[in-house]
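Have the viewer open while you read.

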Amino acid sequence: MPKKKVEKLRAGIVGVGIGSAHAGGYAKLPSVEIAALCDLDTKRAEQVAAQYKVKKIYSDFEAMLAEEPLDVVSVCVPNALHALVAIAALKADKHVICEKPLSVNAVEGRKIAEAARASKGKFMIGMNNRFRGDSQLLKRYIEDGALGTIYYAKCGWVRRRGIPGMGSWFTRKEQAGGGPLIDIGVHALDLTLWLMGNPKPASAYGATYAKFGPEGRGSGNWGVPVSGGKYDVEDLAAGMVRFQDGSTLVLEASWAQYCERERLYNELNGTQGGATLEPFRIFTDRYDQPIDITPQYHNISGHEAEIAHFVDCILHDRKPIATVEQALDVMKILDAIYESAQTGSSVSIK
Ligand SMILES: NC(=O)c1ccc[n+]([C@@H]2O[C@H](COP(=O)([O-])OP(=O)(O)OC[C@H]3O[C@@H](n4cnc5c(N)ncnc54)[C@H](O)[C@@H]3O)[C@@H](O)[C@H]2O)c1
């Protein structure tokens, strides 16, 4: 008897910058066909389409949603467009994976959360760092009680020279929502919150600085610079978050600063142990003596594993591990740090 042909999930990707990493993730899965790509930059879309043998290219995401019978949509456009594209796809009952940050602020983020609740489609926020081999393994240690109760965490993503796309949407508040805090600090924060069990935030305090970008210094390799473009975001941010359960978290993020090198780090302190993710170590006691554990892990691509997880959730009707509610809490914390940087006072989070 010939085997019945199983229908593949049909994926569409809007925005083919980091969207090409989504394409790479889908392409690894036999259960998925990349049906269409959409980008205003047709040349860029054609290159990605050629690489992944995608037949349809659009420049209008609404036309793509109307014409293509898609099951899943990757939202990989600049931050200010996340709500527009994600809500349109959710209203069409597509499953949606939206790149970080959820949006430019919590007001916009809430609109996505409402659309996600009303949709028949599933929603996941693209927090690829949760899916790295070391993050996944540390989460298992924590769930097995290796750290006890986590009460203090420190995390950050700092760069010596790493301003993306100087003068492009990345460095414009209106388009990006902010600078390194919302761009890369969001990864460090989300991963740490997830490892802590996503405690509910109560308040935040913070400061921001712009010492390099406004002078045109500190450019990195990511993004396409726009000559004469605006720079009205921070290039360094620091904050402290207090949670309803009494735990606290210290966060820093920079695109440019005089530090030794780029670092994405997460440190957790619990009643029974501590842990770091750069390098991966667990600090605890055995027989009343300190012991450091260096777990071995598979160094898998967070992007590929994230796409595989979302597709698995769709195929088996499971809830994705990176939820819209968690993404909204992250947005509220970022908003509070930005507000505190303006006012100089601690900001309560509801
Ligand atoms: N998770 C990660 O590791 C990661 C890495 C980089 C970027 N991101 C996020 O992904 C998103 C995109 O970032 P990027 O670095 O790819 O930016 P990018 O500027 O390189 O690419 C964005 C693409 O979107 C296209 N676009 C803009 N408006 C559009 C529209 N209305 N319809 C269709 N296409 C449109 C642009 O032409 C461009 O090709 C951002 O939200 C960013 O924060 C995530």
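What follows covers some ground rules, then the strands, then the helices.

This is a predicted model, so to speak of local features we need pLDDT of at least 70, side-chain atom pairs count only at pLDDT 80 or more, and totals for chains, interfaces and linings use all residues. Residues are numbered from 1 along each chain as its sequence is written, and side-chain values use heavy atoms, with hydrogens and water left out. Helices (H or I, at least four residues) and strands (E, at least two) are DSSP runs, numbered from the N terminus.

**Around β1**

Let's start with strand β1 (residues 9-14). Five of its six residues are buried, where buried means under 20% relative accessible area with a 1.4 Å probe, protein chains only. Two strands pair if DSSP finds at least two bridges between them. Strand β1 pairs in the parallel sense with β2 (residues 32-38) over six bridges, and R10 stands opposite E33 in β2. To get from β1 to β2 the chain goes through helix α1 (residues 19-27), and this β-α-β crossover is right-handed; that is, with the strands pointing away from the viewer, the path from the first strand over the helix to the second runs clockwise. Strand β1 also pairs in the parallel sense with β4 (residues 72-75), over four bridges. There, V72 in β4 is the bridge partner of A11.

**The nine-stranded sheet**

Further along, nine strands form an open sheet with mixed pairing, in the order β14-β13-β12-β11-β7-β10-β9-β8-β15.

Which strand holds T284? T284 is found in β13 (residues 280-286), and at 14% relative accessibility it counts as buried. Leaving aside neighbours within four places in sequence, T284 is in contact (heavy atoms within 4.5 Å) with Q272, G273, Q289, P290, I291 and I293.

**Helices on the sheet**

Helix α6 (residues 133-143) lies across β7, β11 (263-270), β12 (274-277), β13 and β14, running at about 20 degrees to β13. Helix α8 (residues 180-196) packs on the sheet too, touching β7, β9 (236-243), β10, β11 and β12, and its direction makes about 150 degrees with that of β10. In α6, G133, D134, S135, L138, K139 and I142 are buried; what covers the buried residues of α6 includes β7, α8, β11, β12 and β13. After α6 comes G145, whose phi is positive, near 90 degrees.

**Two helix pairs**

Axes are lines fitted to C-alpha atoms, for helices over the stretch in contact, and angles run from 0 to 180 degrees between N-to-C directions.

| Helix pair | Axes come within | Crossing angle |
|---|---|---|
| α4 (residues 82-91) and α5 (residues 106-118) | 9 Å | roughly 10 degrees |
| α6 and α8 | 9 Å | roughly 25 degrees |

That makes α4 roughly parallel to α5, and α6 roughly parallel to α8, a label for angles under 35 degrees. The α6 side of its contact with α8 is S135, Q136, L138, K139 and I142, and the α8 side is L191, W194 and L195. These divide into five nonpolar, two polar and one charged.

Methods
Angles under 35 degrees count as roughly parallel, over 145 as roughly antiparallel, 65 to 115 as roughly perpendicular and the rest as oblique. Buried means under 20% relative accessible area, exposed over 50%, partly exposed in between (1.4 Å probe, protein chains only). Ala, Val, Leu, Ile, Met, Phe, Trp, Tyr, Cys and Pro count as nonpolar, Asp, Glu, Lys and Arg as charged, and the others, Gly among them, as polar.
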